[in-house]
Every structure is written in structure tokens, then in C-alpha cells.
Amino acid sequence: MRKHGRIKLGFAAVMLTSASAASEGADVSGGPAYLPPPAPIPFVYNWTGFYAGAHVGVGWSDGDGSGSSGLVGGGQVGFNYQINQWVLGVEGDFAGTTIKDSVNAAVVGPGAVITGNAEASLDWVSTLAPRVGYAFNNWLVYGKVGGAWAHASGTASAAINGMQVASISVDETVSGWMLGIGAEYALWDNWTAKIEYNMMDFGSSGPFADDKFNVLKAGINYRFGGSGWRF
């Protein structure tokens, strides 16, 4: 009887060992219970949408360095549409300026000194232009070519021995064309910052002796709509 019982216990031990091995084999062949999380996708900035902002900078006219330079400050509005890494859009801006130019002359003759004075100021400038850019995630490098407008005012006077004998004034709005290049950087959410150079050519119009003006400005924009960052 003892021998028969030992056979039964041995058989039961073999069966338990086999079942355990089979269970472990099933666990190995079935693979892990949970799949590993996917690798994170990097953030990409979306430039599409309407935006508005402000800028400040400096402006100067091409010429002989007679002091026709000053500050500029104003605002801009625009729209971007992104296709892959290309960003197409249009932008308009308006800025007041402190750019001025002046000329003084004197002629000495027998018994008389004739003096002349002319002064002109560029009161404001405005541009409207298509914009084409290429995006490197949160960097945008762009160029634009379009129209430019400016309001200029000036006076000229002449005097003999200190007594004014003639005076004229000019007050007009002139038009021309512009080109610009710039770079814009996405700061966070819908805010971006930019730096831009513009060259404006007004031909021979207006009271200024110089017909080309340059502006270097820095600005900030806010894009309306959803967050600029996307997955």
C-alpha cells in the first residue's frame, strides 16, 4: 500500500510540474500584456491665420548724410496660409516717423546777404505687400514686394538781410514701391516676434531731395484663432 501511494504522489508531482511549465510557456509565447507607449511627436508651429501687431525702429533716406534720419513706430495686420513649409500671405503696415531733412544756403553780395532755408519732414509711411516665407518649425524667413505710400510736408523761404521776401509750403502724399526681407520667431502660443528691413522708392515725387527711404524695425505679432503649436 505504501508503494502504491508513493507512485500516486510521484505522478501528481510530475503533472503539477508539467502544468507549471506549460503555463510559463504560454506566458512567453503570448508576449507582454501592454504595448510600450509610442515615441513622442515633436511640436510643429502652425503659421496659418490672421494676425496684428506693433513695431518700432529707425528710418533714413539715401543721400549725402545731411541728417535725414529718425524714428519710426506703428502697427501691422496680415494673414498667413501655410502649405507644408511654405507660408504665403499679405501684410499691410502704417507708421509715423520723425525723419527730417533740411538745407541752408547763403549768398553774400554788395550790400546784401541773401539766405535761403528749406526743410522737409516725412510724417508717415505705409506699405501693402504679398509675403512669401519658408518655415523652419518656429522660425519663418520671408520676403515681400509691394506698394508704398508716404505723406511729406515741407517749407522753403528766402530772406534778404534778414527780412523774409518769399515763402512756400508743400503738403502731399506720394506713392511708390517697396521691398522687404525679414525673420519671425514663434515665442509661445499665438505670440511671435520679428525683425524686418524695408526699402521704399518714391521716384522724384515729394519735397524730399532723396527718393529712397530705408527702415529697420523690430515688432511683435499676435495670431488670432487656435494655438499656434500643433502635434
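K194 lies in strand β8, where strands (E, at least two residues) and helices (H or I, at least four) are DSSP runs numbered from the N terminus. This is a predicted model, in which local features need pLDDT of at least 70 and side-chain atom pairs count only at pLDDT 80 or more, while totals for chains, interfaces and linings use all residues. Residues are numbered from 1 along each chain as its sequence is written, and side-chain values use heavy atoms, with hydrogens and water left out.

**Overall make-up**

- The protein has one helix and 10 strands, and the helix comes at the N-terminal end of the order α-β-β-β-β-β-β-β-β-β-β.
- Of the 231 residues, 32% are buried; buried means under 20% relative accessible area, exposed over 50%, and partly exposed in between (1.4 Å probe, protein chains only).
- Among contacts (heavy atoms within 4.5 Å) with a separation of 6 or more, 64% are between residues 24 or more positions apart.
- The protein exposes about 13,800 Å², and carbon and sulfur atoms supply 68% of that area; accessible areas come from the Shrake-Rupley method with a 1.4 Å probe, and for residues only the protein chains shown count as cover.

**K194 and its surroundings**

- K194 is buried, because its relative accessible area is 5%.
- Not counting residues up to four places away in sequence, K194 touches Q76, E91, Y142, A183, E184, K217, A218, G219 and N221.
- The side chains of K194 and E91 make a polar contact at 3.3 Å; a polar contact is a pair of N or O atoms within 3.5 Å, where within protein one must be able to donate a hydrogen and the other to accept it, and residues adjacent in sequence count only if both atoms are side-chain atoms.

**Salt bridges**

- Side chains of opposite charge can pair when their charged atoms come close.
- The structure holds nine salt bridges, each a side-chain nitrogen of Lys or Arg within 4 Å of a carboxyl oxygen of Asp or Glu.
- K144 is buried at 3% relative accessible area, and E196 is buried at 1%.
- A network of salt bridges links E91, D93, R131, K144, E184, K194, E196 and K217.
- The side chains of K212 and D201 form a salt bridge at 3.5 Å, N to O; K212 is partly exposed at 29%, whereas D201 is buried at 12%.

**Nonpolar cores**

- A nonpolar core is a set of buried Ala, Val, Leu, Ile, Met, Phe, Trp, Tyr and Cys residues joined through side-chain atoms within 4.5 Å.
- The largest core has 15 residues, of which L122, V125, A150, M200 and F202 touch the most other members.
- Strands β4 (86-109), β5 (112-136), β6 (139-160), β7 (163-188) and β9 (212-223) each supply at least two residues of this core.
- Apart from this core lies another, of seven residues, including Y45, W47, V87 and A186.

**Surface**

- V58, W60, L71, I195 and L216 make a nonpolar surface patch of about 440 Å²; patches are made of residues with over 30% relative accessible area and no salt bridge, with like charges joined within 9 Å and nonpolar side chains (Val, Leu, Ile, Met, Phe, Trp, Tyr) within 5 Å.
- I195 is in strand β8 (residues 191-201) and counts as partly exposed at 48% relative accessibility.
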